[in-house]
Amino acid sequence: MLPPTSLTVAPAENVVITGENGSGKTTFLRVLTGNLKPTGGTITLDGQPIDERDAGTRRVIAPLIGPVAGYRDLTVADHLILIDQTWGGDRDGAGERIAAVLERLDIMRFGNRFLAELSSGQRQLVELSMVLLRPSALLVLDEPEQRLDEGRRSMLGEVLRERVAAGSSVVWACHDRTLAEATATRTVHFPGAR
Amino acid sequence: MTSRVGSAEERERLSDAYELRFRGEGGPMSAPLFGAYLAGLLGIVYGSVLAHYVFDQWPAIAGWIEDRPFASIGIVIALILVGSAVAFRVGRTRGPVLPEPGHLEFVVATDLPRRLTLRDAWRGSQLVVLTTCVCLGVAVPAGLALSGGPGWSLAAGVLLGAVGGAVIVQAWLRGQACGHVPSLLAPAGSLVAALPGSLLLRQSLLSEAVTSSLMIADTRRARAQAFPIALRRKPARIPTAGRWVTVVLADLTGLLRSGWSVAAWLIAELAALVVLGTRVVLNADSPLVLPVLLLLAHLAATGLTRGLQHHAGSVGEPALLGLPWQQEVVLHLAPLAVLQCCAVTVAGLVTGVGAIAPAYGVGVAAALAGSGLLYAHKEPLTGGLMLTGPGRGAGALWAMHPAILALAAGFGMTLGASTAVVVGLLLLAIGYARAAARFAPATAQ
């Protein structure tokens with residue numbers, strides 16, 4: 001259930017959504033990415049309706065909501081190659097781009113593993129790398145700090161700040177108050193479930 | 001005092017458990033008894049008629065048996081030995097002692113007398129194998145006798161069937177127990193009691209997955225459980241090949257990592273399509289041959305569309321790849337569709353079908369792409385065998401509807417090349433419509 005919500009996200013803004021379980025954070029994020037249609041109201045991107053199937057929407061908004069349905073027979077590197085190439089990356093620079101994102105998240109050593117061979121925290125970072133690799137102006141993340149240790153949470157905060165500094169926006173749901181306060185430019189609190 | 005088959009108290013406890021499990025309807029031997037009844041009925045009635053037909057059509061076979069009785073018996077004994085070797089190998093994957101899900105819990109999760117519980121499963125398998133072999137031993141000599149062959153063959157057949165059945169079922173048990181008992185020469189009862197619970201659980205779940213897959217003509221669940229990927233990294237990595245070709249290469253990489261099972265699906269697919277495309281089949285008097293072959297091709301194709309099935313599995317979640325779903329679906333299906341079209345067309349051209357062979361190729365490829373879309377864009381079966389629960393009849397029909405439509409398209413194709421193209425495109429349109437509906441965003445509450 002999503003309560004009446006009004007929110008505008010500006011370029012280079014880092015918006016954290018907080019709220020207790022069941023307050024509608026994930027539903028809101030799904031609506032924001034065009035993955036769910038709201039029963040009332042509108043959601044627009046530069047004045048245009050948002051639909052996850054629309055190429056324009058997908059090029060701007062990169063969501064990580066829930067576990068990524070990865071291929072059981074492809075390695076982490078294979079997934080990243082597939083993502084990079086289908087998003088139009090040039091062939092020669094693919095290796096460099098993929099290495100950069102793996103290095104930034106400190107998961108280079110997992111590149112040759114299948115997803116089933118990763119721990120839940122490692123998988124969380126790999127899924128984050130898949131979203132960071134694709135082109136986007138707005139990152140939408142649902143509790144990306146889950147299953148990460150303290151050091152990795154700090155790293156996540158740094159990565160998000162870097163994205164914002166580069167001109168991208170971030171909207172994410174978070175239960176870690178310290179991380180949220182250290183990272184966000186704005187905090188939106190969702191009221192509890194009714 | 002505990003007897004060899006359990007004490008009275010143990011039997012009573014087991015009887016109470018069966019009462020709860022089967023709710024007074026049947027028991028653990030019900031399914032084997034029905035299977036044996038069917039084997040007996042079909043084996044003797046239809047088997048003897050079929051054998052009679054074969055011996056009448058090719059009297060030289062009957063004459064050869066009559067002239068060389070010892071060689072004939074030697075061939076049967078050789079067949080029994082080959083059957084035993086195969087049964088031994090099969091036992092490592094699916095043994096004769098295999099309590100079905102529901103019954104299996106008695107063995108692995110309760111303190112009910114294990115030996116008594118497993119004994120029923122073992123007896124059931126023995127009954128089915130022995131009945132089948134004895135019926136074969138009756139049916140073939142009966143057909144021979146009806147064609148004027150020697151009467152002694154009936155006695156020999158019954159004897160060989162009974163002995164062969166016993167040998168085969170014992171080899172099957174020893175195959176299941178291989179690696180889990182100190183000696184395979186131990187009596188059957190000891191082997192049955194020594195089978196570890198983990199082995200029974202794994203084989204039972206695997207068997208249930210394969211059986212339910214066969215029943216509803218949906219191989220996805222069985223492939224996921226029965227053919228796990230070998231964690232090999234060959235090829236080492238997907239080549240970077242641009243926006244579209246990389247998707248095709250990713251599919252190929254995934255298939256190559258799936259091991260020999262993919263080779264089996266590919267051989268089955270090509271064999272079905274090549275036979276389907278021949279002049280004999282396309283001009284066959286029977287309207288059943290072409291639909292059955294198309295159904296086989298459809299089933300084999302489900303083992304080769306891993307990319308499409310993964311894509312369908314992620315429906316409702318934000319897409320990872322930078323392609324519209326229509327493009328992704330085309331890339332997953334196109335290489336296989338080209339292969340299917342070429343196989344049917346070449347088979348037709350080689351066997352003299354003529355200029356209409358490509359039309360059949362296009363029709364078959366389109367139909368199989370459509371049926372693949374239907375499979376990929378519905379949930380795989382997650383329930384137990386036979387879809388237990390209310391509305392299971394409708395559920396079973398729903399689960400197997402892609403196969404039913406593939407079969408129906410096959411019947412349509414028997415009407416001619418132009419009709420083949422039309423029904424192929426119609427099935428493709430239905431599959432596309434279903435896929436489009438599945439990819440529509442849900443509505444937030």
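I began with Arg104(A), which counts as partly exposed at 27% relative accessibility. The model I am reading is a predicted one.

**Entry on Arg104(A) and its partner**

I looked up what Arg104(A) pairs with and found a salt bridge to Glu158(A), with the closest N and O atoms 3.3 Å apart. Glu158(A) sits in helix H6 (residues 150-165) of chain A and Arg104(A) in helix H4 of chain A, so this pair ties together parts that are 54 residues apart in sequence. I noted Glu158(A) as partly exposed, its relative accessible area being 36%.

**Entry on other salt bridges**

How many salt bridges does the structure hold over all chains? I read off 15. In general, side chains of opposite charge can pair when their charged atoms come close.

One of the bridges joins the side chains of Asp51(A) and Arg53(A), at 3.1 Å from N to O. Asp51(A) is partly exposed, with 23% relative accessible area. Arg53(A) also counts as partly exposed, at 38% relative accessibility.

In chain B I looked at Asp120(B), whose side chain meets that of Arg119(B) in a salt bridge of 3.9 Å, N to O. Is Asp120(B) buried or exposed? I have it down as buried, because its relative accessible area is 9% and the cut-off for buried is under 20%.

I also found a network of salt bridges, which links Asp73(A), Asp251(B) and Arg306(B).

Cys341(B) is in no disulfide, and the nearest cysteine sulfur, that of Cys342(B), is 5.7 Å away.

**Entry on backbone angles**

Which residue has a positive phi of about 50 degrees although it is not a glycine? I found Asp46(A). Asp46(A) is in the loop of chain A between strand E3 (44-45) and strand E4 (48-49). At 77% relative accessibility, I count Asp46(A) as exposed.

Asp106(A) is not a glycine either, and has a positive phi of about 60 degrees. I placed Asp106(A) in the loop between helix H4 (94-104) and helix H5 (120-133) of chain A. Asp106(A) counts as partly exposed, at 37% relative accessibility.

Terms used:
Residues numbered from 1 in each chain as written. Chains lettered and ligands numbered in written order. Predicted model: local features only at pLDDT ≥ 70, side-chain atom pairs only at ≥ 80, totals over all residues. Heavy atoms only, no water. Helix = DSSP H or I, 4+ residues; strand = E, 2+ residues; numbered from the N terminus. Buried < 20%, exposed > 50% of the residue type's maximum accessible area, 1.4 Å probe, protein only. Disulfide = S-S within 2.5 Å. Salt bridge = Lys/Arg side-chain N within 4 Å of Asp/Glu carboxyl O.
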